[in-house]
Amino acid sequence: MTTTPRRTRGIRLALTGALLAGLTLLTTAGPALADDPSASASPAGDEAGPTESGTTFRTATALKQGQSGTAQASAGDYLYWVFPADAGQRPTVEATVKLPGSAARRGTSTWQVDVYDGLRRRQACMYGHQTRKAAADAATVELSCVLRPVRAWSEPWANDPLPGSYYIRLTVVDLPAADLGLPVDVEVKTSIKELGGGHDGGGSLAEPLVPGVSVASAGETGDGPASAAPRTLATGEPEDGWASGWWTDRWLWTVGGGVLAALAAVFGYSLTRGRGRPAHVPPGV
């Protein structure tokens, strides 16, 4: 049986089309998942946010992902909130401070928002307005901090964001002494952007960095004291739980790469095997 040039050309065109389709899948699957508006939306829900804040890490007020919180405080107070963030997510913190009337203030003030992880390590902001100065006649001051993507695992010496609780601390860092204690209204909001498997890394934490999680786990397994309380964490967790499933969009890249490799092998074989025996050459020659 001989292979005609037309049939060989058709096979090559089909394989080329399959290769192009596979490349299109690989180049569009990741960005489509990462930039999908529905994937970056945070599950805020209709539940009203808290109307107070904590004054220390231990008393930080819990926020859900995408939830807003408000508080009435005095200039000079340290205000704390805490929210969960999981691997593959990029948290954003926004804060708005409503200042008292300019007639009651004596000068400019500088406000700052800081974010700490579950080990109380201060996390750097990728971008945003983490520190801002408010003029003496300003009505509000707006702050923001976009954190680095949360990783599933990192080296012990690194300061990478890891799954667990994240603390927001808002305070004024520069203020005339006469303005200390003036009333302010504060609103904070957290939002989460899902980045997908492009930021996945090898390894994972045994437990998220949530205060009390190790004690609660020991109580559940029976390794801790008999009086250990059930695992109820005030800082909460993402609505769909901490990332522990086997699925990640990296499977698309893995399967797509395997398909492309197979198609490339078939295509290369079709190019090198030739067109078969010429029609004018008799068998056995």
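How many bridges join β4 to strand β8 (residues 140-147)? The views below answer this and look at the neighbouring contacts.

This is a predicted model: local features need pLDDT of at least 70, side-chain atom pairs count only at pLDDT 80 or more, and totals for chains, interfaces and linings use all residues. Residues are numbered from 1 along each chain as its sequence is written, and side-chain values use heavy atoms, with hydrogens and water left out.

**View 1. Strand β4 and its cover.** Strand β4 spans residues 89-98. Strands are DSSP runs (E, at least two residues), numbered from the N terminus. Of the 10 residues in β4, 7 are buried. Buried means under 20% relative accessible area, exposed over 50%, and partly exposed in between (1.4 Å probe, protein chains only).

**View 2. β4 beside β8.** The two strands run antiparallel, joined by 7 bridges. Strands pair if DSSP finds at least two bridges between them. A95 stands opposite L143 in β8.

**View 3. β4 beside β10.** Strand β10 covers residues 183-194. β4 and β10 pair in the antiparallel sense over 10 bridges. E94 has K189 of β10 as its bridge partner.

**View 4. The disulfide C125–C145.** The whole structure holds 1 disulfide (a pair of cysteine sulfur atoms within 2.5 Å). C125 and C145 form a disulfide, with S to S at 1.9 Å. The pair links distant parts of the chain, 20 residues apart: C125 lies in strand β6 (residues 125-127) and C145 in strand β8. The torsion about the S-S bond is about -100°, so the disulfide is left-handed. C125 is partly exposed, at 22% relative accessible area. C145 is buried, at 0% relative accessibility.

Conventions:
Helix = DSSP H or I, 4+ residues; strand = E, 2+ residues; numbered from the N terminus.
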